Amino acid sequence: MTELFAYTDGACSGNPGPGGWGVLMIARDGGAVVRERSLSGGEALTTNNRMELMAAISALEALARPSEITVVTDSAYVKNGITEWMAGWKRRGWRTAGGPPVKNVDLWQRLDAAQARHRVDWRWIKGHAGHAENERADELARAGMAPFKRPGAA
C-alpha cells in the first residue's frame, strides 16, 4: 500500500522579513520511495509562522483528489494549532482563549479548508536535528525565500 508524506518547513530572514516555504512530498510503497515532488514559494515581507502555515497549506492544496496523508512539520505552532487549538478558536469566532483575534486567521481558515478534503495525520519533529526529509524541506523553504532577499543579506 502506498503511503503519502508531506515534509513541510518555513523560513524567514528577519521576522518579519523576506520568507519562504518548502514542501517535500514523498509517496512510499513498503518503505521504498516511489514518487517525489518538491514545492516552494515565498513572499517579500512575512513571518516565519506564516511561512510554516503556507507550507502545510500548499502541501494539502497540491493534492488533486482526497487523500490519506501524513504531514510532518517542525513547527509546534502549526501542529498544535491544527490539532489542539483550532476547534476552540472556531467555537469562539476565531478568537483565542484570552479574547484577542487569532493571528494569521486568513491562513488558519485556508488550512482548515485544505485539510477538510483529506484524512491528515499531523506529526511534529524537531527541526535542524538531522532528519533528512526535514532538512530538504528547509532547503526548499530557503530557495523559496531567495528571490525576495536583498543581495548580501544573511
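His-128 is found in the loop between strand β5 (119–124) and helix α4 (132–145). The model is predicted, and in it His-128 has a positive phi of about 55 degrees, although it is not a glycine. With a relative accessible area of 52%, His-128 counts as exposed, because the cut-off for that class is over 50%. Most residues other than glycine have a negative phi, and most peptide bonds are trans.

A positive phi also occurs at Trp-94, where the angle is near 65 degrees. Trp-94 sits in the loop between α2 and α3. Its relative accessible area is 17%, so Trp-94 is buried. Trp-94 is also part of a cluster linked by ring pairs, together with Tyr-77, Trp-85, Trp-89 and Trp-108.

The search of the whole structure for aromatic pairs finds 5. In one of them, the ring centres of Tyr-77 and Trp-108 lie 5.2 Å apart and the planes meet at 65 degrees, so this pair is edge-to-face. The pair links distant parts of the chain. Tyr-77 belongs to helix α2 (residues 76–91) and Trp-108 to helix α3 (residues 105–116), 31 residues apart. Both Tyr-77 and Trp-108 are buried. Another pair is formed by Phe-5 and Tyr-7, and it is stacked, because the planes lie at 15 degrees with the ring centres 6.2 Å apart. Phe-5 and Tyr-7 are both buried.

Phe-5 is also among the contacts of Ile-69. Ile-69 lies in strand β4 (residues 68–73). At 2% relative accessibility, Ile-69 counts as buried. Neighbours within four places in sequence aside, Ile-69 is in contact with Leu-4, Phe-5, Ala-6, Met-25, Leu-60, Leu-63, Arg-119, Val-120 and Asp-121. Gly-31 is 38 residues from Ile-69 in sequence, and the C-alpha atoms of the two are 15 Å apart in space.

A cis peptide bond joins Asn-15 to Pro-16, with omega near 15 degrees. Pro-16 is placed in the loop between β1 (2–12) and β2 (17–29). Pro-16 counts as exposed, with a relative accessibility of 55%. Residues up to four places away in sequence aside, Pro-16 touches Leu-45, Thr-46 and Thr-47. Thr-46 is 30 residues away from Pro-16 in sequence, yet the C-alpha atoms of the two are 5.1 Å apart.

The overall fold comprises 4 helices and 5 strands. Along the sequence these elements follow the pattern β-β-β-α-β-α-α-β-α. The C-alpha trace spans about 45 × 45 × 30 Å along its principal axes. A compact globule of 154 residues would have a radius of gyration near 15 Å, and the value of 16 Å for the protein agrees with this. Of the 154 residues, 47% are buried. Among contacts between residues at least 6 apart in sequence, 67% join residues at least 24 apart.

The protein exposes about 8,000 Å². Carbon and sulfur atoms supply 51% of that area. There are 20 positive and 17 negative side chains. The centres of these two sets lie 6 Å apart.

Terms used
Residues are numbered from 1 along each chain as its sequence is written. This is a predicted model: local features need pLDDT of at least 70, side-chain atom pairs count only at pLDDT 80 or more; totals for chains, interfaces and linings use all residues. Side-chain values use heavy atoms; hydrogens and water are left out. Helices (H or I, at least four residues) and strands (E, at least two) are DSSP runs, numbered from the N terminus. The radius of gyration is taken over C-alpha atoms; the globule rule is 2.2 Å times the number of residues to the power 0.38. Buried means under 20% relative accessible area, exposed over 50%, partly exposed in between (1.4 Å probe, protein chains only). Contact means heavy atoms within 4.5 Å. Accessible areas come from the Shrake-Rupley method with a 1.4 Å probe; for residues, only the protein chains shown count as cover. Lys and Arg count as positive and Asp and Glu as negative; His and the chain ends are not counted. The place of a charge is taken as NZ of Lys, CZ of Arg, CG of Asp or CD of Glu. Rings of Phe, Tyr and Trp (its six-membered ring) pair if their centres lie within 6.5 Å; planes under 30 degrees apart count as stacked, over 60 as edge-to-face and the rest as tilted.
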